[in-house]
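Thanks for coming. I have one structure to go through today, from the overall fold down to a few single residues. Please have a look at it first.

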Amino acid sequence: MFPGAIADREVASYVIVGAPLDISTSFQPGTRFGPNRIRQFAGSFDDYDRRTDQFFTELGVHDADDVRAWDDAPEYIEWLTGSVRDAKWDDAAPLLLGGEHTITAAGVSGVEPDVFVCLDAHLDLRKAYDGNEWSHATITRRALDELGVERAIILGARTGSPDEWERAEADDVTVVPPEEVADWEPDFDDESIYLSVDIDAADPAYAPGTGTKEPFGLTSREMRDVVRSVAPSADGFDVVEVNDRDDGQAATLAAKLLREFVFSHADGQ
C-alpha cells in the first residue's frame, strides 16, 4: 500500500492503481518493479504538508493495488481503462503508477480529457517504434490521434525523430524545452486536463532509475512546480517509467510528485 493511502474505496477522493507493464521498454527494462518501488520509497515522508497545511492521511487516498500486467498491450490497456473509469464514475481522481508509458493510454481513455499535459524527455509522437504501434514511444501520438485529446503540451522534451519534430509543429502540440519550463504557466480555460509524468523528464542526475535516460533535463524542483500548477485543473494523473536500476532516486521523486499532485489538487478544490 502507498503510505498514507488509508481511505476506504467507497469514500475515496483519489484512487491509486499500479500498472506494472514492462513489455516495450526500449533500452533498460524494469518498469514492472516501478509501482511497488514507488510505494516503498514513499515510506520516509511525513504525513503533514506545511505548504498546504494538510495531512495526506486525511485527503481520502485509496490504494487499489496493482492490475497485474500481461504481454498483450492492447488487451491490458483495455482492462486497465476499466479501473480508471470505475474511479471516475465514483467521483475520484485516478492516480496511475507505472509501468512503462504505454499505460497512460488507459488513463487518458478513462478520463477523456481535452488537454494532455506531459512531463517527458521524449516527444513520444511516433506512430510506431521498432515496428510496435503500442510502444511506450507512441503515447502522445496515440492520445492526439486516437483518444480524443484536443491538444498536447509536452514539457521538458529534448529529443525525437525528424518525423516527431514535424508532428510537433502542428497546432495541437506545444513543446516547452527544458530551459523554458521554469517560466511556463498553464492556461486551460474550462478544459479538462490529464497530467502524465514520465520520470525521464528529470535529468538523470536526479532520477537515474529509468529506461531511456536523456541528459540536460529538468530538476526535481522544476517538475514539482509543474505538478503543483497543473494539479488543481487535472482530472487524472500518472507517473511512469520508474525502474529498479538505481538506489531509489527515481522512485522517491515519483512518490513525492504523486503526493504533490494530491496536496495541490485537494488544496485547489
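What you see is a predicted model. The protein contains eight helices and ten strands. Its radius of gyration is 17 Å, close to the 18 Å that the globule rule gives for 269 residues, so the protein is as compact as a globular protein of that length. The C-alpha trace spans about 45 × 40 × 35 Å along its principal axes.

Next, the inside and the surface. Of the 269 residues, 57% are buried. If we take contacts between residues at least 6 apart in sequence, 77% of them join residues at least 24 apart.

Helix α1 covers residues 34–41, and its buried residues are G34, P35, R37, I38 and R39.

On to the loops. L147 sits between α4 and β7. Its relative accessibility is 22%, so L147 counts as partly exposed; the cut-off for buried is under 20%. L147 touches A105, V108, S109 and R142, leaving aside residues up to four places away in sequence. The C-alpha atoms of L147 and E112 are 7.5 Å apart, although 35 residues separate the two along the chain.

Last, some backbone geometry. Most residues other than glycine have a negative phi, and most peptide bonds are trans. Here are some exceptions. G98 and G99 are joined by a cis peptide bond, with omega about 15°. G99 is in the loop between β5 and α3.

D124 is not a glycine, yet its phi is positive, about 55°. D124 lies in the loop between β6 and α4. F216 also has a positive phi, near 70°, and is placed in the loop between β9 and α7.

Are these two residues buried or exposed? D124, at 5% relative accessibility, counts as buried, whereas F216, at 74%, counts as exposed.

That is the end of my part.

Key: Residues numbered from 1 in each chain as written. Predicted model: local features only at pLDDT ≥ 70, side-chain atom pairs only at ≥ 80, totals over all residues. Heavy atoms only, no water. Helix = DSSP H or I, 4+ residues; strand = E, 2+ residues; numbered from the N terminus. Rg over C-alpha atoms; globule rule 2.2 N^0.38 Å. Buried < 20%, exposed > 50% of the residue type's maximum accessible area, 1.4 Å probe, protein only. Contact = heavy atoms within 4.5 Å.
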